[in-house]
Amino acid sequence: MNPICSRCEQVVYPTEKVNCLDKYWHKGCFSCEICKMTLNMKNYKGFGKKPYCNAHYPRTHFTAVADTPENRRLKEQSKIQSQVHYREDFEKNKGKGFSVVADTPEMQRIKKSQEQISNIKYHEDFDKKKTMGDLPPMQPSNASQAAYQQPAAAKNFNYDPVPEPVQAAAPPPSTGKRYRAVYDYVAADDDEVSFVDGDVIADVQQIDEGWMYGRVERTGSLGMLPSNYVEAI
């Protein structure tokens, strides 16, 4: 359906249609509101959804107001009222500027990261002050001195305490069996003994089919030995 012209309110056919200022016009009806000069899409100026030529385009004019005592009084009164309203709004909204932040996993992660950064910064400052000697030496408290104070009888600086002898673990009870080595053997672990061909192994105990426990009489070493390297005496 063909639209209606905004000027003459007649049907506008496609061959003479002008679409401008959200309205439809005949080419001959698209003219200035004041002088009726025919306009086109290049030389028109729109104001209030109406076309104007450059000469009759409405312009904004400013009115000069004299700076009289009355006007100055009104200006000062308006300024005072503005400050009063500002203070009223400020007092009314005081304490309401804090927004509640949801305790989401993202906020928890940020909070934890800030705590870690704060701890790292604190330790860095502490180590720096300690290195530069700014921190005073720590003095033990009276309670600590009383707790760690040695008795008078123990204040002998020439006293050398005799270390208690370390008792070695006793070997398994002796059964009196004796064996003679028929091959040389070098211990492969800490709990084994080394021996050479002809050494006598005393106090031998059978652990399993392949291993025994005994003492080499030549060296006095106690430990495990392979049973196929010795023979019974």
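This short talk walks through the overall layout, the nonpolar cores and the salt bridges of one predicted model.

Because the model is predicted, local features need pLDDT of at least 70 and side-chain atom pairs count only at pLDDT 80 or more, while totals for chains, interfaces and linings use all residues. Residues are numbered from 1 along each chain as its sequence is written, and side-chain values use heavy atoms, with hydrogens and water left out.

Let me begin with the overall layout. The chain holds three helices and nine strands, where helices (H or I, at least four residues) and strands (E, at least two) are DSSP runs numbered from the N terminus. Along the sequence, these elements follow the pattern β-β-β-β-α-α-α-β-β-β-β-β. Of the 233 residues in the chain, 15% are buried, with buried meaning under 20% relative accessible area, exposed over 50%, and partly exposed in between (1.4 Å probe, protein chains only). If we take contacts between residues at least 6 apart in sequence, 29% of them join residues at least 24 apart, a contact being heavy atoms within 4.5 Å.

Turning to the cores, the largest nonpolar core has 11 residues, including Tyr179, Ala181, Phe195, Ile201, Val216 and Val230; by a nonpolar core I mean a set of buried Ala, Val, Leu, Ile, Met, Phe, Trp, Tyr and Cys residues joined through side-chain atoms within 4.5 Å. The elements that give two or more residues to this core are S5, S6 and strand S7 (211-216). Apart from this core lies another, of nine residues, among them Leu21, Phe30, Leu39 and Tyr52. Serine 31 lies in the loop between strand S2 (23-26) and strand S3 (45-47), and serine 31 counts as buried because its relative accessible area is 6%. Leaving aside neighbours within four places in sequence, serine 31 is in contact with Arg7, Lys36, Met37, Thr38, Leu39 and Pro51.

Now to the charged pairs. A search of the whole structure finds eight salt bridges, each defined as a side-chain nitrogen of Lys or Arg within 4 Å of a carboxyl oxygen of Asp or Glu. Arginine 73 pairs with glutamate 70, with the closest N and O atoms 2.4 Å apart, and both residues lie in helix H1 (residues 69-92), three residues apart, about one turn of the helix. Glutamate 106 and arginine 109 also meet in a salt bridge, at 2.5 Å from N to O, and because they are three residues apart in helix H2 (residues 105-132), about one helical turn separates them.

Which residue does the side chain of aspartate 199 meet in a salt bridge? The partner is arginine 218, at 2.9 Å from N to O. This pair links distant parts of the chain, with aspartate 199 in the loop between S5 and S6 and arginine 218 in the loop between S7 and strand S8 (222-226), 19 residues apart. Aspartate 199 is buried, because its relative accessible area is 7%, whereas arginine 218 counts as exposed at 52% relative accessibility. The side chain of aspartate 199 also reaches the backbone nitrogen of valine 196 at 3.0 Å. Not counting residues up to four places away in sequence, aspartate 199 touches Tyr179, Arg180, Ala181, Val216 and Arg218, and among these Tyr179, Ala181 and Val216 belong to the largest nonpolar core.

Conventions
A polar contact is a pair of N or O atoms within 3.5 Å; within protein, one must be able to donate a hydrogen and the other to accept it, and residues adjacent in sequence count only if both atoms are side-chain atoms.
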